[in-house]
Amino acid sequence: MEQCKLQVVKVVDEFQVTPPPGTLPATLYLPLTFYDLPMLLRFRKYTFKRLFFYANLRSLDHFTQVTIPLLKSSLSVTLQYFYPFVSKLILPPSPQKPYFLFTEGDSISFIVARYTGDEPHPFDHVTSDQAKDVTVLQSFAPMLPKTSVSSDGTRTHSLLAVQVTMFPDQGICIGIGFNHTLADGRTYNHFIKSWAAVCRSNCVVDIDKLVMPSFVRTSIEDPYHLESKLLKMWQQDHYSSSNEQESRLTYGHLYAGKVRSTFVLKQTHIEKLKHNISQYNGIVHLSSFVVACSFIWVCLIKSLESCDDDKEKVFRLCFAADMRNRLTGIPTTYFGNCVAGLRAEVKRSEVVAHDGLIVAAKAIGNSIKELETNGPLTVTNNWITSFSQTPPELPLVVLVATGSPKLGLYDNGFGWGFPKKVEILQLPQPYAMSLAEGRERDGGIEIGLELLRTEMDTFTEHFYQNLDKLLCSS
């Protein structure tokens, strides 16, 4: 059980949830692909977290006697169809390959907690769009259990943990902590959506209606021998088990002073942005994702100018592209990681001297166009090759964008209606944002942004000023 929970949350119980007995073979093995290996190299030490808040006016007794047992039993049923989530990531000594292994009896941690802070209306606060302390939000989702190390040096990582926090007579939060080595956002949301459906049906599963994941991996071609390149990088990686353990227990201090706010671009805003940007030549790809990222990116670049006016500073936007609909033979239900990293770069001087929105949209659009022109495997090869390249010696500010407005996060209802708020919490990095569809389901986009409080105040001012200008433009 995590020992560093903030005082706003009290852990009242913890369970271990397994698939129903006899529903799975004694052992199941799943190899890592060259789309999983980059996540192993970069993110295996971190717990990724998602929060789903639901308004629920039930009493504490109902929560403990009805809600928790139903969530546990429906999770157990769902795990038999998504067994890798209850499996372990096995990292044997070199030259053996890492792999996922399910063994009968494997379980995931299921924590039950209660909000104990002194905020007057805590549920309304944490589900609002206003700035919230990131360390408080982090307390609503679990860290993954500690890595175990065997006598031969083999390291074993858990891959999923769940925490359900009750706000008495107000609502609940279902917090998910997971290891990105196993799967990407689309797979995780497929799992959550399936768990929610099983819960709504009171654990009566209609196999014909439940969309099953695909574990077939032989159809992923590897003409660039990316797996061998990545395995070589892995074998050269000298993280010790003690360093990995220390990093996962101490990186939380990097959230100190950070707040998270939500900014909404309605469909009318999105269409207005598309219309304005389309008036300029050279825009090669214009989607809701592109215009939303461009708007936020430009607002951030301009808001940071007050504390650093270096005009030649380079700003980079990093985001992921789903390859399922681009690779031959890969179904949309493919289980695992199937994304490649893209990036766009602009100089502050270009954004300030010209129409920054056009500059940003061109840069993002060109990155996506490169994927469409060169193909997914070439772009994936370029992305993986960049891992071993020395970063350029130049002033660089990186904004990482995660999530997607196409995932349908607000469709995940467990039986108490749709979520009142969904948060995709970020890793401890200077600038990060997440994207999701608008909770009103009106074609809008929600952007979650994590910044230092002083930076957030300045950004918020720029955001609404630019939104007003957008609405007043012809």
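**Group meeting: helix packing, a buried leucine and a cavity**

Let's start with one residue. L300 has a relative accessibility of 3%, so it counts as buried. The cut-off for buried is under 20%. A reminder before going on: this is a predicted model.

Where does L300 sit? It lies in helix α9. What does L300 touch, leaving aside neighbours within four places in sequence? The contacts are L399, Y431, L451 and F459. L300 and H462 are 162 residues apart in sequence. In space, their C-alpha atoms are 8.0 Å apart.

Stay with α9, and bring in α8. Helix α8 covers residues 267-278, and helix α9 covers residues 288-303. Two packed helices are described by the angle between their axes and the distance between those axes. Here the angle is about 90 degrees, and the axes are 9 Å apart. The range for roughly perpendicular is 65 to 115 degrees. So α8 and α9 are roughly perpendicular to each other. Which residues meet? On the α8 side, I270, L273, K274 and I277. On the α9 side, S288, V291, A292 and F295. By class, this contact of α8 with α9 has 6 nonpolar residues, 1 polar and 1 charged.

Next pair. Helix α11 runs over residues 356-374, and helix α12 over residues 376-385. Their axes come within 6 Å and cross at roughly 125 degrees. The contact of α11 with α12 divides into 3 nonpolar, 3 polar and 1 charged.

Last topic: cavities. How many are there of 30 Å³ or more? The count comes to 3. Which strands supply at least two lining residues each? They are β12 (258-265), β16 (421-425), β17 (432-437) and β18 (445-452). The largest share comes from β16, with 4 residues. By class, the lining of the second largest cavity has 7 nonpolar, 3 polar and 4 charged residues.

That's the tour.

Methods:
Residues numbered from 1 in each chain as written. Predicted model: local features only at pLDDT ≥ 70, side-chain atom pairs only at ≥ 80, totals over all residues. Heavy atoms only, no water. Axes fitted to C-alpha atoms, helices over the stretch in contact; angles between N-to-C directions. Parallel < 35°, antiparallel > 145°, perpendicular 65-115°, else oblique. Contact = heavy atoms within 4.5 Å. Nonpolar A, V, L, I, M, F, W, Y, C, P; charged D, E, K, R; others polar. 1 Å grid on protein atoms, 1.4 Å probe; cavity = no way out; pocket = protein on both sides within 12 Å on 5 of 7 lines; lining within 4 Å. Points joined across faces, edges and corners; volume = space filled by probe spheres on them. Buried < 20%, exposed > 50% of the residue type's maximum accessible area, 1.4 Å probe, protein only.
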